[in-house]
Amino acid sequence: MPRKPIPTLSGVFTPTETPAHLARDVIESALREAIMDGRIPPETPLRQEEIAALFGVSRMPVREALRRLESQGLLHIQPYKGAVVTALISQDAMDTYGVRLLLEPEALRLSLPHLSDTDLAEASARLIALRKARDSATLARLNREFHMALYRRAGNARLLYLIEQELEQEERFLRFHLSAMGTGHQARDDHEALLDAARSGDESRALALLRRHLSQAEQAIRHYLADQDNAESPAGDAPRTAGEPK
Ligand code: NI
């Protein structure tokens, strides 16, 4: 299979001068966004000198930003190549849903009896915004905020922290799959049914809906990965359109 040309970062970022004290954070969030929305595709090497030159900074903040992105799973270090953008959908995506399936129903169960009208109104506002959202970063953020609004009264900060971390991971592979798999509308209906059950304080229905919501996403990714294996198509050819996240 012919190799695609290796993309360069100069096509993604306009050279700029970055104040030294902001450099690490600015570079981290600029790279993060560009990786997540697909402007920097998987397998792109991220060279420290190139990034430093583009942002008009020394290599030190670049190195720190890359280290942070590595710890977030967005890139990995390869011998001779240095930092390389990680493929965004993999077994890891399925594992994320596996963990969410363990943690989120418990958080919802703990939180449900204590949800206030304000909490429910905030969850509902996220669903309204989700309908209008188009870009994957916004979709992922609103989905995360919707779920977290329902769990926030769980009274276990550590549990919520773990869940939020899994939800943040999801932004990485979000743009790849859900609309392609036709589950965008399904996710929307799931969310509304879930909110409805939470409003009426129906614990068993809410938990069943949440479990179904997450297992369907896990299944969809499983099928998607299996199809990809069959087609032997590179991850870079996956659809770019974002669907509604789980
Ligand atoms: Ni969801």
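**Strand pairing and helix packing in the predicted model**

In the hairpin formed by E2 and E3, three residues lie between the strands, and Tyr80 adopts a positive phi near 70°. The structure is a predicted model, in which local features require pLDDT of at least 70 and side-chain atom pairs pLDDT 80 or more, whereas totals for chains, interfaces and linings use all residues. Residues are numbered from 1 along each chain as its sequence is written, and side-chain values use heavy atoms, without hydrogens and water. Helices (H or I, at least four residues) and strands (E, at least two) are DSSP runs numbered from the N terminus.

Strand E2 (residues 75-78) runs antiparallel to E3 and is joined to it by four bridges; strands pair if DSSP finds at least two bridges between them. Gln78 stands opposite Gly82 in E3. E3 (residues 82-85) also pairs with E1 in the antiparallel sense, over two bridges, and Leu46 faces Ala83 of E3.

Arg47 is located in the loop between strand E1 (45-46) and helix H2 (48-55). Its relative accessible area of 41% makes Arg47 partly exposed, a class between buried (under 20%) and exposed (over 50%), for a 1.4 Å probe and protein chains only.

The axes of helix H1 (residues 23-36) and helix H3 (residues 59-71), which are lines fitted to C-alpha atoms over the stretch in contact, with angles from 0 to 180 degrees between N-to-C directions, come within 8 Å and cross at roughly 45°. H1 is therefore oblique to H3, the class left after roughly parallel (under 35 degrees), roughly antiparallel (over 145) and roughly perpendicular (65 to 115).
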